Amino acid sequence: MVLEMDRQLLSELGTSRIGQLTMLPLNRLEIDLNYGRSPNELKVRAMAHDFSEAAAGVLMVSHRYSLDRYVLMDGGHRCGAMRLSGYTEALCSVYEYLSIETEAAIWVLCNSRRKNPSGLEMFKAALVEQQPQAIAINEAAQEAGCIIPDRFAGSTRSPNVINAVGALQAAYRLGGKSSVRDTLDLLLTTWPDDRDATIGSMIGGMAMFLSKYRDDITLPAVGHKLRLHRPAQLLMDAGVQARTYRGNARTLIAKTILNLYNSGRRTQRLKDKFIDI
């Protein structure tokens, strides 16, 4: 398990600390060339060509607290591929108060023999460590009738089996446990038979929409309008909007949900709170 690998790795370095899972903006992540190396551009482009968010794993980061800098100890190529693929943030395991010598030692170990942990593995490790955010997210998923699997579920997964723990963590940051629960509940009651409903970008977009309008709508009313469309169509519409509006994928999907909710309404239309995108 990742938890065991982390402990083995860190015991060699004389510490028992485990990194804290959090989403960080990609533009805050940097590489210290004193011990690291610049990503190979050909490898980055090859990874971006067929990039999988679920398979991207977790980037290992040192937070240099005094300078408020986030330094990549592992995952430079994946970070570059995510940037090239249009992502703006990534799931990271963040370590505080490491010396540069310890950072370099972790970099050497990670790049010589250690397999990159997946987001699911890191999430399960966080549950074992009883990190409050992981426990709250897991409880919210269960309350919505969902399962977070022990390992990545493939293309035959049921819609209520959630691989995208990074999106759940982003939803949690927007509104805590209720945000995760309401997001999953609305997606599954609207499209109970469509696994596209619970991919990361759909979870992120719905959570963003609810963070803006939860006090103005009811979940059944939103579901009633959205079930006339399939998640694949929402994703396509969001892609079209990307040609006109700035913003990351989840914001564009949230705006698409807003447009569908308002379509055909003469009254009780929701104000566009994404006007500055």
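Predicted model: local features only at pLDDT ≥ 70, side-chain atom pairs only at ≥ 80, totals over all residues.
Which residue of β4 does L29 stand opposite? The residue is Y70, which stands opposite L29 in β4.

The chain as a whole has 11 helices and 5 strands. Of its 277 residues, 50% are buried. Among contacts with a separation of 6 or more, 74% join residues 24 or more positions apart. The accessible surface comes to about 13,900 Å², and carbon and sulfur atoms account for 50% of that surface.

The 5 strands form an open sheet with mixed pairing, in the order β1-β5-β3-β4-β2. At its edges stand β1 and β2, the latter spanning residues 29-30; each has a single partner strand, so one side of each has no neighbour in the sheet. For β2, pairing with strand β4 (residues 69-74) is in the parallel sense and extends over 2 bridges.

Strand β3 may be considered next. With β5 it runs parallel, and 5 bridges join the two; within this pair, L59 stands opposite C92 of β5. With β4, by contrast, β3 pairs in the antiparallel sense, over 5 bridges. Here R64 has R69 in β4 as its bridge partner. The hairpin formed by β3 and β4 has 4 residues between the strands, and in it D68 takes a positive phi near 50 degrees.

How many of the residues of β3 are buried? The count is 6 of its 6 residues, and the strand is mostly covered. In a regular strand the side chains alternate between the two faces of the sheet. In β3, one side carries L59, V61 and H63 and the other carries M60, S62 and R64; all of these are buried, and both faces are covered.

A helix also lies across this sheet. Helix α3 (residues 76-84) lies across β2, β3, β4 and β5, and runs at about 115 degrees to β4. Leaving aside neighbours within four places in sequence, H77 is in contact with P39, N40, K43, V44 and M47.

The loop between β2 and α2 (41-49) holds D32. Is D32 buried or exposed? At 9% relative accessibility, D32 counts as buried. Beyond residues up to four places away in sequence, D32 touches R64, V71 and I100. D32 and L72 lie 40 residues apart in sequence, yet their C-alpha atoms are 7.5 Å apart in space.

Helix α4 covers residues 100-112 and has 13 residues. From its first C-alpha to its last it reaches 18 Å, close to the 18 Å expected at 1.5 Å a residue. An α-helix has 3.6 residues a turn, so residues three or four places apart point the same way. The buried residues in α4 include T102, E103, I106, W107, L109 and C110.

I203 illustrates the contacts made here: not counting residues up to four places away in sequence, I203 touches I162, A164, A167, L168, T183, L184, L187 and T198.

Apart from neighbours within four places in sequence, L188 is in contact with A144, C146, P159, N160 and T198. One of these contacts, P159, is 29 residues from L188 in sequence and 7.3 Å away in space, C-alpha to C-alpha. T198 is touched by I203 and is also in contact with L188.

Terms used
Residues numbered from 1 in each chain as written. Heavy atoms only, no water. Buried < 20%, exposed > 50% of the residue type's maximum accessible area, 1.4 Å probe, protein only. Contact = heavy atoms within 4.5 Å. Areas by Shrake-Rupley, 256 points an atom, 1.4 Å probe, with all protein chains shown as cover. Expected span 1.5 Å × (residues − 1). Pairing = 2+ DSSP bridges. Axes fitted to C-alpha atoms, helices over the stretch in contact; angles between N-to-C directions.
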